[in-house]
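These are my notebook entries on one structure.

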Amino acid sequence: MRLSRYFLPVLKETPADAQIVSHRYMLRAGMIRQQSAGIYSWLPLGFKVLRKIENIVHEEQQRVGHIPMLMPTLQSADLWRQSGRYDAYGPEMLRIKDRHDREMLYGPTNEEMITEIVANYVTSYKALPLTLYHIQWKFRDEVRPRFGVMRGREFLMKDGYNFDLTKEDALHAYNRHLVSYLRTYERMGLQAIPMRADSGPIGGDYTHEFLVLADTGESEVFYDSAITDLTFGDREVDPNDKAQCQAVLEEFTSRYARTDETHDEAVFNEIPEERRRSARGIEVGQIFYFGTEYSEKMGAYVQTAEGEKAPLHMGSHGIGVSRLLGAIIEASHDDKGIIWPEGVTPFHVGIVNLKQGDDEADAACQSLYDAFTALGLEPLYDDRDERAGGKFATMDLIGLPWRITVGPRGLKNGVVELTSRRTGESEELSPEEAVKRVAAIYAAL
Ligand code: 5CA
C-alpha cells in the first residue's frame with residue numbers, strides 16, 4: 001500500500017477524553033472512530049489488525065478441531081425466555097421490537113441459540129463430540145463503556161460451545177480450549193495467564209479467565225510470580241489426547257493465580273513472600289464448563305449407545321477479539337506509539353523514502369515494494385512529499401515492527417537502513433539483504 005493512496009487519518013493532538021494509552025494511540029493512529037458511547041467504526045488500519053487477530057483465532061480454533069459457523073446478531077426474546085435468562089440479564093441487554101411488535105434483542109452471547117440449533121439436529125451420541133464456534137459482534141449495554149475497545153458496548157467476540165455426552169468428555173473440551181487459547185495469545189505476542197475466576201451469570205463450576213497483566217487492566221489479580229515463567233512455546237499437543245491436554249492444564253493452573261472474586265488470602269499467604277504478586281489485568285478470554293443446565297432447558301438430548309436419553313454436557317468459551325487490540329497495545333508500546341508484535345502487525349514493513357521525487361530513491365523504494373509484494377508480504381510505502389521527521393513520526397506511531405529507510409546518500413553506497421521498531425536499532429544493508437532479513441523474520445513465525 002502506498003500511503004499517499006491510503007486512508008490513514010493520523011491525529012497530531014492527543015484526544016482529551018482518552019484515559020489509557022491504547023485508546024489514545026488507536027485514535028491517534030487513525031484505527032477507530034467513536035460513533036456513540038462504546039460503539040466504533042473500524043478505520044482501515046484498525047480493521048486490518050482486527051482481521052489479523054480474527055485469523056489467528058480461526059486458525060487456532062480449527063487446529064484443535066472446532067468448527068466455524070455464523071449466527072445472527074439479533075435474537076428472539078422467546079429463545080431467552082426458554083432458558084430463563086431474558087429477565088435475569090437485566091439492563092445490559094439491548095431489547096428491540098420489530099414492526100410486528102415481536103420482542104428481539106441484540107445478542108450479548110449465544111448459549112441459547114447454539115443449544116437450540118444442536119437440539120434440533122443432533123439426536124445421537126454418534127455425532128459427538130462437537131464444538132461449534134463463531135466470531136460475531138455482541139452488544140452489552142455496559143453502564144460505563146470506557147477505554148475505547150476495551151470495554152465497548154458493541155464488541156467482537158469469538159464464542160465457542162462444546163457438546164459432549166459425558167462430564168469427562170466435556171472437561172476434556174475445557175482442557176482443549178485452554179491449550180488452544182494459550183497458543184492463540186502467544187501468537188499475538190501476549191502472555192495471557194489462566195486464572196481461577198467466578199462463573200457469574202453464565203453459571204457453572206469450572207471457569208478460568210485469561211488475563212494479560214497491565215497497570216490499566218480493570219481486574220484485580222493475585223498470583224505466584226513463578227507462573228510468568230511458563231510459556232506454551234511450540235510444543236505439540238494432540239487435541240484429541242485427553243492426558244496431554246490435562247497435563248497442560250495442570251501445568252498452567254498449578255500455581256496460585258486468581259481474580260479478586262476467587263482470591264483466598266490464607267492460601268495466597270502460603271506462597272513465599274517474594275513470589276506473591278497483586279496486580280491489574282485485562283481479561284482477554286474466559287472458558288466455562290456448566291454441565292447440562294442449558295441442554296435441559298433448551299431440549300438438547302441425545303440417544304446413548306444403550307438407547308437411553310441423555311442431556312448434553314456443555315461449556316462455552318470466549319475470546320474478546322476487539323478487546324485484544326487494546327490489550328496488545330497496552331502490553332507493547334513506548335512514548336512514540338504502538339509496537340506491533342509481528343503476528344498481528346497491519347503491514348509487515350514500512351518503507352520511508354527520504355527524498356520523494358529523486359529518481360534513484362523512488363526507483364529503489366519501488367523495487368523494495370515489488371520484492372516484498374512478490375514474497376506475499378505487505379509493505380506500507382510512505383511516498384508522501386513530506387519531511388523525514390514527519391514520516392518517521394507516523395511510522396513510529398502506527399508501530400510497524402520493521403522500517404526500511406531509503407535515501408540518496410545511502411544509495412550512493414548501495415545501502416538502505418533497516419530499523420527495528422522495538423529496539424530502535426538500525427543496520428545498513430543492501431536492499432536485497434534487507435528484504436531477505438525481513439522475509440526471514442516473518443517466515444519464522
Ligand atoms: N458466553 C461466554 C463465553 S463464550 C461469555 O460471554 N463470556 S464473557 O462474558 O467472559 O466474554 C468473553 C470475552 O469477551 C471476555 O473475556 C472479554 O475479553 C470480552 N468482553 C466481554 N465484555 C466486553 C466488552 N464490554 N467489551 C469488549 N470485550 C468484552
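I took helices (H or I, at least four residues) and strands (E, at least two) as DSSP runs, numbered from the N terminus. I worked from a predicted model, in which local features need pLDDT of at least 70, side-chain atom pairs count only at pLDDT 80 or more, and totals for chains, interfaces and linings use all residues. Residues are numbered from 1 along each chain as its sequence is written, and side-chain values use heavy atoms, with hydrogens and water left out.

**Entry 1: pockets**

I searched on a 1 Å grid over the protein atoms alone, where a pocket is an open set of points with protein on both sides within 12 Å along at least five of seven lines, a cavity is a set of points where a 1.4 Å probe fits but cannot get out, and lining residues have an atom within 4 Å of a point. Grid points are joined across faces, edges and corners, and a volume is the space filled by probe spheres set on the points.

I began with the second largest pocket, which holds about 360 Å³ of space. I counted 16 lining residues, and I56, R187, E342, G343 and L445 lie nearest the centre. The elements giving two or more residues to this lining are α2 (44–63) and α6. Of these, α2 provides the largest share, four residues. For residue classes I counted Ala, Val, Leu, Ile, Met, Phe, Trp, Tyr, Cys and Pro as nonpolar, Asp, Glu, Lys and Arg as charged, and the others, Gly among them, as polar. By that scheme the lining of the second largest pocket has six nonpolar, four polar and six charged residues.

I then turned to the largest pocket, with a volume of about 970 Å³. Its lining has 46 residues, and R140, R151, E283, Q286 and R323 lie nearest its centre. At least two lining residues come from each of β8, β13 (276–291), β16 (313–320) and α10 (321–331). I noted β13 as the element that gives the most, with seven residues. The classes in this lining are 16 nonpolar, 16 polar and 14 charged.

**Entry 2: cavity**

How many cavities of 30 Å³ or more does the whole structure have? I found one, and the largest cavity has a volume of about 30 Å³. Its lining consists of Y40, W42, V149, E154, F155 and S322. Two or more of these residues come from each of β2 (39–42) and β8 (154–164). I recorded four nonpolar residues, one polar and one charged in this lining.

**Entry 3: a helix pair**

I examined α6 (residues 167–187) and α7 (residues 242–253), whose axes come within 9 Å and cross at roughly 60 degrees. That angle makes α6 oblique to α7. Contact means heavy atoms within 4.5 Å. On the α6 side I listed contact residues including H172, Y174, L178 and L182, and on the α7 side residues including C245, V248, L249 and F252. The contact of α6 with α7 has eight nonpolar, four polar and four charged residues.

**Entry 4: backbone details**

Which residues does a cis peptide bond join? I found L128 and P129, with omega about 0 degrees. P129 sits in the loop between α5 (111–121) and β7 (130–139).

I also noted D101, which has a positive phi of about 70 degrees although it is not a glycine. D101 belongs to the loop between β5 (94–97) and β6 (103–106).

Methods: Axes fitted to C-alpha atoms, helices over the stretch in contact; angles between N-to-C directions. Parallel < 35°, antiparallel > 145°, perpendicular 65-115°, else oblique.
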